Amino acid sequence: MRPAFALAAVLLALPAAAQQTSGSIEIESMLEGRKTITPDWAAINARPLGDKGNPVRVYRPTGQRVYLSRLTCADGSAPTFSRIGSFGLGPYGTIVDAYNVACGASASRVFMDMYHPDYVERRPVPGFAIRAP
């Protein structure tokens, strides 16, 4: 087995980190600074990670790029990605951005919310594996 395929197989076999299903979180609103909110976890978790209704939680544009750089394609290669733009308010009450993330000719739109200080997403969006932070 080629090393890239072996790595992809190992990453896909690892158990995914659990999604949050209850409780409050801290966000950093541009207008209000840091504040604590209690999101509608049932509605968020009803959508796949990376959907506008369940955006990947990161902190600042650097967090977006770090998360996307940790994703891997099925063959173990790194996907290419580019920011599409902002898409209004998401489920946490903050603005979400979308990225085009591609493995060869196959592309996905990944929504991200960059207002989550001290949070590191460990789960991959559907169709990808992820390297540990």
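Three aromatic pairs are present in the predicted model, where rings of Phe, Tyr and Trp (its six-membered ring) are taken to pair if their centres lie within 6.5 Å. Pairs with planes under 30 degrees apart count as stacked, those over 60 as edge-to-face and the rest as tilted. One of the three pairs joins Phe87 and Phe111, whose ring centres are 5.4 Å apart and whose planes stand at 85 degrees, so the arrangement is edge-to-face. Because Phe87 lies in strand S5 and Phe111 in strand S7, the pair ties together parts that are 24 residues apart in sequence. Phe111 is buried, at a relative accessible area of 11%, whereas Phe87 is partly exposed, at 29%; buried denotes under 20% relative accessible area, exposed over 50%, and partly exposed the range in between (1.4 Å probe, protein chains only).

Residues are numbered from 1 along each chain as its sequence is written. Because the model is predicted, local features need pLDDT of at least 70 and side-chain atom pairs count only at pLDDT 80 or more, while totals for chains, interfaces and linings use all residues, and side-chain values use heavy atoms, with hydrogens and water left out.

Strand S5 (residues 80–89) runs antiparallel to strand S6 (residues 95–103), and seven bridges join the two. Strands are DSSP runs of E with at least two residues, helices are runs of H or I with at least four, and both are numbered from the N terminus; two strands pair if DSSP finds at least two bridges between them. Leu89 has Ile95 of S6 as its bridge partner. The two strands form a hairpin with five residues between them, and Gly93 in the turn adopts a positive phi of about 80 degrees.

Helix H3 (residues 60–70) contains the buried residues Gly63, Gln64, Tyr67, Leu68 and Arg70. These residues lie on the same side of H3, because they cover an arc of only 160 degrees around the axis, the arc being that of the directions from the helix axis to the C-beta atoms. Their cover includes strands S3 (56–57), S4 (71–72), S5, S6, S7 (106–113) and S8 (129–130), with contact meaning heavy atoms within 4.5 Å. Arg60 is also placed in H3; this residue has a positive phi of about 65 degrees although it is not a glycine, and is partly exposed, with a relative accessible area of 45%.

A positive phi in a residue other than glycine is also found at Asp118, where the value is near 65 degrees. Asp118 lies in the loop between S7 and S8 and is exposed, at 71% relative accessibility. Arg123 is located in the loop between S7 and S8 but counts as buried, at 12% relative accessibility. The side chains of Arg123 and Glu121 are joined by a polar contact of 2.9 Å. A polar contact is a pair of N or O atoms within 3.5 Å; within protein, one must be able to donate a hydrogen and the other to accept it, and residues adjacent in sequence count only if both atoms are side-chain atoms.
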